[in-house]
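Hi,

Here is the structure I promised to pass on to you. Have a look at it first, and then read my notes below.

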Amino acid sequence: MTWLVTGGAGYIGAHVVRALTQAGVGVVVLDDLSTGDASRIGDAPLVHASLLDREQVDRAITEHDVSGVVHIAAKKQVGESVADPFYYYRQNVLGQLVLMEAMRDHGVKRFVFSSSAATYGAPETALVEEKSHLVPESPYGETKVVGEWLAKDAGAAYGVRSVCLRYFNVAGAATPELGDPEAFNLIPMVFERLTKGERPRIFGDDYPTPDGTCIRDYIHVADIASAHLAAARYLGGEGESLSLNIGRGQGSSVREVIDVIGEVTGLDVTPDVVARRPGDPPRTVASADAIRHYLGWEAQHDLREMVGSAWAGWTLRHPEVADLPRVR
């Protein structure tokens, strides 16, 4: 069995490729390399193409005898999606439609979809279950909801079985070479400011939480990858289609994360507190019961491992941090 991994040369995709190949699963990667890096995928074959190129998608499926798809390729920046929603609908929704039409035409009936906790928007419950209402607050989140609809409707019409995985806050790296090259999430954003000699920022410290800062569920990217492997194995059986959270089921506040960064790096992480960002819910933590029940999966890495591995990846790409003054 060969799995096509779209976006497999990206930060998360490369970890999924690594998990699949280490488990002896055949893999072919399709990636336009707009944000990916071909060096990340090791010996896995690469089809350098856009999902919008139906001819290349067909070629990847037929030449590599693909029997399942892990669909990770997508644009994922919330602010960018607000500024240019048409671009996000073209890349994320139309790209998935082209992919799934090719799957239908070639009889590929196993589909793992990279979804997001952004589908929930700003949930009112402290522990977010899969049955919670999907009320996304950005075009990016909307494209992920539509992606889940496409997967569900493909099941009803064409017999495609799917597992939609709703990521919470991804962090860390399995190896330094696979670290997150971008600074759009809290941990690398703090690293970036420290590297520039600037203080980390906390967007509001007056939330109804124990230390006044927002609480999120952080999940190691290696655990994300192992969840995809578990989903692929599940689809090798006869189980029903599923939508599942990937999280640890426990939250860490922004201040707690920054404190751990200080412990790991030895740097002064005294933050500047600035105004709240619109739309940030006080607490968003995943219920991880369903994925444990259906896939037998559970997160293995804690917050300190996430920060430590992320810092190893950051220092590999930013050797100048060795010259920063340590306080610990």
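Let's start with Asp65, which is exposed, with a relative accessible area of 61%. The cut-off for calling a residue exposed is over 50%, so Asp65 counts as exposed. Keep in mind as you read that this is a predicted model. You'll find Asp65 in the loop between α2 and β4, just after α2. Its phi is near 50°, a positive value in a residue other than glycine.

Leu33 is another one to click on. Phi of Leu33 is near 60°, again a positive value in a residue that isn't glycine. Leu33 sits in the loop between β2 and β3. Is Leu33 buried, exposed or partly exposed? Leu33 is partly exposed, with a relative accessible area of 25%. Buried would need under 20% and exposed over 50%, so Leu33 falls in between.

Now go back to α2 itself, which covers residues 54–63. Which residues of this helix are buried? They are Val57, Asp58, Ala60 and Ile61. If you look down the axis of α2, its buried residues fall within an arc of 160°, so they line one face of the helix. Turn to the other side of α2 and you'll see Glu55 and Glu63, which are exposed.

What covers the buried residues of α2? The cover includes four strands: β1 (2–6), β2 (26–31), β3 (46–48) and β4 (66–71). Helix α4 (85–106) is also part of that cover.

The crossing of the two helices is right-handed.

Which residues meet there? From α6 come Ile187, Pro188, Phe191, Glu192 and Thr195, and on the α10 side they meet Val307, Ala310, Trp311 and Trp314. The residues of this contact divide into seven nonpolar, one polar and one charged.

Happy browsing!

How values were computed: Residues are numbered from 1 along each chain as its sequence is written. This is a predicted model: local features need pLDDT of at least 70, side-chain atom pairs count only at pLDDT 80 or more; totals for chains, interfaces and linings use all residues. Side-chain values use heavy atoms; hydrogens and water are left out. Buried means under 20% relative accessible area, exposed over 50%, partly exposed in between (1.4 Å probe, protein chains only). The arc is that of the directions from the helix axis to the C-beta atoms. Contact means heavy atoms within 4.5 Å. A crossing is left-handed if the near helix is turned anticlockwise from the far one by less than a right angle, and right-handed if clockwise. Ala, Val, Leu, Ile, Met, Phe, Trp, Tyr, Cys and Pro count as nonpolar, Asp, Glu, Lys and Arg as charged, and the others, Gly among them, as polar.
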